[in-house]
Amino acid sequence: MVDTGTIRTVVGIIGNVISLGLFLSPIPTFWRIIKQKTVADFKPDPYVATLLNCAMWVFYGMPFVHPDSILVITINGAGLVIEFIYITIFIIYSPGSKRKKIFIALVTEVIFFVIVVFVVLYCFHTTKRRSLIVGIICIVFNILMYASPLTIMKMVIKTKSVKYMPFYLSLASLLNGVVWVVYALLKFDINMLIPNGLGAISGVIQLILYATFYRTTRWDDDDDEINSRSEVQMSNV
């Protein structure tokens, strides 16, 4: 009989694959930026926010914070590298004023991360307490990041159009949330269960909206707005 640990590992690997796909989903946007040599109206905010989110989850997965979380480290470590590449492209092709804002945001994130690491390691001496503190921070960040899909869902309802909410991205977000919910339940982890449960619910709502407003959608408008909207739907562990 297959034990729970093995099932959890398999589920975690599946979650890694789906999450990696979500991290890579903005590639067409950045390919366009490189070809045009300008960021145009694309915003760096989602990538800067996701960078810190991934860094916090990597820290959460460390053995001295939350043991037996190697698959949390692998996918968020990959996400950290990918988001850093995206931000580097933004810096290269952004005008001076926008570049300065990105640097300020990155420095602020580094300072915040260093403070969190220092406080957690020197003030809390058990993995249980460290997991609690870092987990709460990760949950808060994930909930804040769900503000972007909520904005898009509001637009879908207002315009009665799903053009700005790509179907496969919504489906992948749902699958990603469900897989990591299962992973969290196999070895109960409330800190992973809450944000990914919310992610799964968000994915369900998006698909319901897609089914509701698909027929009223006009598909012949400019596609540039699609890419700028879809880039904020990246989901994280």
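Guide: In this predicted model, helix α3 and helix α6 cross in a left-handed manner. Helix α3 covers residues 45-61, and its axis lies 10 Å from that of α6, the angle between the two being about 155°. Because an angle over 145 degrees counts as roughly antiparallel, α3 and α6 are described as roughly antiparallel to each other.

On the α3 side, the residues in this contact are A49, T50, L52, N53, M56, W57, F59 and Y60, and on the α6 side they meet S131, V134, G135, I137, C138, F141, N142 and M145. Sorted by class, the contact of α3 with α6 is made of eleven nonpolar and five polar residues, with no charged residue among them.

Helix α6, which spans residues 127-145, also packs against helix α5, residues 96-123, and here the angle is about 155° while the axes are 9 Å apart. That angle makes α5 roughly antiparallel to α6, since the cut-off for this description is over 145 degrees. The crossing in which α5 passes α6 is right-handed, whereas that of α3 and α6 is left-handed.

From α5, the residues F112, V116, V120 and L121 take part, and they meet R130, I133, V134, I137 and F141 of α6. By class, this contact of α5 with α6 has eight nonpolar residues, no polar ones and one charged residue.

D68 is not a glycine, yet its phi is positive, at about 60°, and D68 sits in the loop between α3 and α4, the latter being residues 70-93. With a relative accessibility of 48%, D68 counts as partly exposed, because that class lies between the limits of 20% and 50%.

K160, likewise a residue other than glycine, has a positive phi near 55°, and its place is in the loop between α7 (147-159) and α8 (167-186). The relative accessibility of K160 is 47%, and therefore K160 also counts as partly exposed.

Technical notes. Residues numbered from 1 in each chain as written. Predicted model: local features only at pLDDT ≥ 70, side-chain atom pairs only at ≥ 80, totals over all residues. Heavy atoms only, no water. Axes fitted to C-alpha atoms, helices over the stretch in contact; angles between N-to-C directions. Helix = DSSP H or I, 4+ residues; strand = E, 2+ residues; numbered from the N terminus. Parallel < 35°, antiparallel > 145°, perpendicular 65-115°, else oblique. Left-handed = near helix turned anticlockwise from the far one by under 90°. Contact = heavy atoms within 4.5 Å. Nonpolar A, V, L, I, M, F, W, Y, C, P; charged D, E, K, R; others polar. Buried < 20%, exposed > 50% of the residue type's maximum accessible area, 1.4 Å probe, protein only.
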